[in-house]
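The sequence and structure come first.

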Amino acid sequence: MVPREIPPEFQVRVVAGAIAVLVAFLLLGARLWLLQVVHGPEMRSLSENNRIRLVRVPAARGVVYDRHGEILVDNRPAFDVVFVPEDAHDRRRVLRNVAAYLDESETAVHQMLHAPTKRPPYEGIVLRRDLDWRGVVALETHQLELPGVSVQVGPRRYYPFGPLAGHLLGYVGEVSESELKDGASDFRAGDLVGKASLEKSWDAELRGIPGGQQVEVDALGRRMRVLQEVPDVPGSTLTLTLDRDLQEAAERALGDAAGAIVALDPRNGEILVMVSHPAFDPNVFSRGIRPEEWRALVQDRLRPLNNRAVQGQFPPGSTFKMVVATGALEEGAVTATTGVSCSGGVQFGNHFFRCWKKGGHGGVNLHRAIVESCDVFFYQVGQRLGVDGIAEYAHRLGLGLPTGIRLEHEKTGTIPDTQWKRRRFHQPWFAGETLSVAIGQGYVTATPLQMAQMTAIIANGGTRYRPHYVKRIDAPDGTLREEVQPEVLGEAHLKSSTLQQVRAGMRDVVMSEAGTGKKARIPGIEVAGKTGTAQAVKLGEDRAGVNRGPQAARDHAWFVAFAPYENPEIAISCIVEHAGEHGGTVAAPIVQQVLAHYFGRNQGPSLPPTQEAAAEKQAMPAASPPASQGATLARADQLENERAVRREPPAAPPRASDGGPGGIGGAQGAASPRPSTARAPR
C-alpha cells in the first residue's frame, strides 16, 4: 500500500495545532505552579478560612458588689446578630432580608454595618445586640436565605437595680475608632468597654481576657462544630464601699427633685452614698442605645447624664460659713465671746447687705451666729479675715481642689482670691465682694462631693482623705487581689479648740430649738449640721418673690451634717436644686431620712418635706435667746418625744428644673461674669 502524501497546508495546520496545545499546557502548568507554589500558602489559608475559622470569645466583665455583698452589676446571656460579609455573595439582598425579619428599615440595617477599616477577613460585624426571642426565631428559621448571618450568644452587662447609683456605676458601649487606634489597648472591633464612671475608671480590672474557638463552618458560613477552644477568663470582681440599701433610701428621700446627695465615712473616705438626679438607666447602653434614645438624653434640659455629685458646681450658701468661722478662729479675728449686733443688715458703700432675718438677730456671738445662721455676723468676720484668708482655709478644708476620687471629669469648683480675679477678669478685688464670699455667694462654687468632704474633715479632726468607692478587688475564683487602703491627702492643721467650737455650733444647729436644722434630728443620736440656701441668680432683694417665680431662678437648698457627734461615722451633703425654700425646710428633712435609715431607726420627719415647707412659711423662727452650747442629748430626746410623729411615707420635694446660668443644673459656675451679692437665707 502506497502511503498518501500529506498536503503541505495540512502539515502547517498540524504543527500550529500542536504548538497551540503545547502553549495551552504550558500556560496551564504555569498557572498551576503559580497557584500551588507561589500563592500556595495564601490559597491554603483562604481554603481553611472557608472551612475552619477562629472565633474570638469575649470575656465576661467582672461582677460588682456593694459593701454587704449585694450584686450591683452582673452579666446575663444575650443574643447578637453577627454578619460575615465574605460569606454573602449578594450583601444587599442579605441585608434586605435581615431588615425584613427584624422589622427594621433597610437603611437602618446598612447603618449598623459600620465595619472598621482594619477589620480582619472573615471577622463578624455585630448588626444587632441583645436580640429578643422573636428575632432569634425569625433569623434561625430563614438561615438558608441569610448566608453569612448568624446568631451568637454572649455575655451582656446587666444592672439589676436600673438607675440606682447609675452615675457612680457608669455604663459600657462598643469600642470606638479612636480607642481601636490606641496602640496601648488590645481592643478588637465590636468589643464592649467601659464608657463612664466605675465601668470606665476600672475597665482594665473588669474587662477580663477573651478566649477563642476554632470552628468548622459550611458554605453558608454556618457553624458546624467546635474543633478547639481556649476558654475566656472573666474580669476581676469588685466590692464597693457603697451601701445599696442606704443608696436606695437616699434616692427615695430625694424623690423627683433635681439634686445630689453624697455620704462619706469620715474615718477613711469611703463613699457610702452617691445620688445624682435626674438619673438614667445603664441597661439602655449595654444593649446598644438607639439614636432616638441618645437624643432624648442629651437634649433633656435637666441633663440626666451629668453626675451632679462631682460635676455640679453650686454656690454653697451658708454652709460655707463653717470655712469662715474656722479661719476667723485660727487667725484670731474672732473669739468665742466676740459679739456683733445684727439689726437685719449692714451698709457697705452704696449697697445694703441684708440678713436673711428681716428684724435681725440682735446681739450674737460666734456660736449663736452658726446656730441661727446670722449673715451680718459673717459679713463683718469676712471683712476681718479678708478674701485671701477665706481662700486659704477653704483650701485647707478641701474646697477649690480636686477631691481625688477615681471618676472622670470631676470639677473643682471656685474659691476666689485676689490673684484669681486678676487672672480671670484682669481686675482688682473689691472689698464689697468679700461680704458675698463670706456667706458662700459671689464667685464661690463647690460640688456636693467637696461639701461632704469638707464636713468629714471637720468631723474627723482635720484629716482629708481621698474619697474612694472600691473596697477590694478579687479574682474570679474569689482570691483576694487587692484591698484598697484609705489614703490621706493632707491635714488641715487646725487647733483642737477651733474644731471644738465649730463642731459645737453645728451640733446646736440641729439639736437646739433655735437651730435652723432641727428637722434633721434623730432620737437617740446627736447630729451636727449646717443649713444653707444659695441664690441661683441675682434678681434683687425680694427673695420670696423670686422663689414664687420661674423655677430656674429659685434658690438652691443645702444641708450638710455628720453623726454621731462624739464619734462620727457618716458625713453627708445634700442639695436640692431650685427648691425655692430654705435648706432647713427642704434639704434637712431629706438628710434626716438618710441618717435615720443609716442608724436603723427609720423614723421620718413629722411631716413630708413639701408639707413642712408650707408650714414653715406660716411660722418663721422668731428671735431666740442664744443657744446653749451645752445642750444635752437628754433634752433633745425630750423635745423630740413631745412631737407627734405621724408614720406616713415622706412626699418628694417639688420637682426642680434646670436652666440657671453656668454650671450644671443652673448652678452659678466659675465663669459667671458677675457675682451675686444679695443675702443668703439660712
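A residue is called buried under 20% relative accessible area, exposed over 50%, and partly exposed in between (1.4 Å probe, protein chains only). By that scale E293 is partly exposed, at 23% relative accessibility. The model is predicted: local features need pLDDT of at least 70, side-chain atom pairs count only at pLDDT 80 or more, and totals for chains, interfaces and linings use all residues. Residues are numbered from 1 along each chain as its sequence is written, and side-chain values use heavy atoms, with hydrogens and water left out.

A salt bridge is a side-chain nitrogen of Lys or Arg within 4 Å of a carboxyl oxygen of Asp or Glu. The structure holds 25 of them, including these:

| Pair | N to O distance |
|---|---|
| E174 and R129 | 3.2 Å |
| R207 and D203 | 2.9 Å |
| E293 and R290 | 3.8 Å |

E174 and R129 lie 45 residues apart and link distant parts of the chain. R129 is buried at 13%, whereas E174 is partly exposed at 29%. R207 and D203 also belong to a salt-bridge network with R61, R157 and E199.

R156 is buried, with 1% relative accessibility. Its side chain makes a polar contact with the side chain of D80 at 2.4 Å; such a contact is a pair of N or O atoms within 3.5 Å, and within protein one must be able to donate a hydrogen and the other to accept it, while residues adjacent in sequence count only if both atoms are side-chain atoms.

Twelve of the 13 residues of α20 are buried, so this helix is largely enclosed by the rest of the structure. Helices (H or I, at least four residues) and strands (E, at least two) are DSSP runs, numbered from the N terminus.
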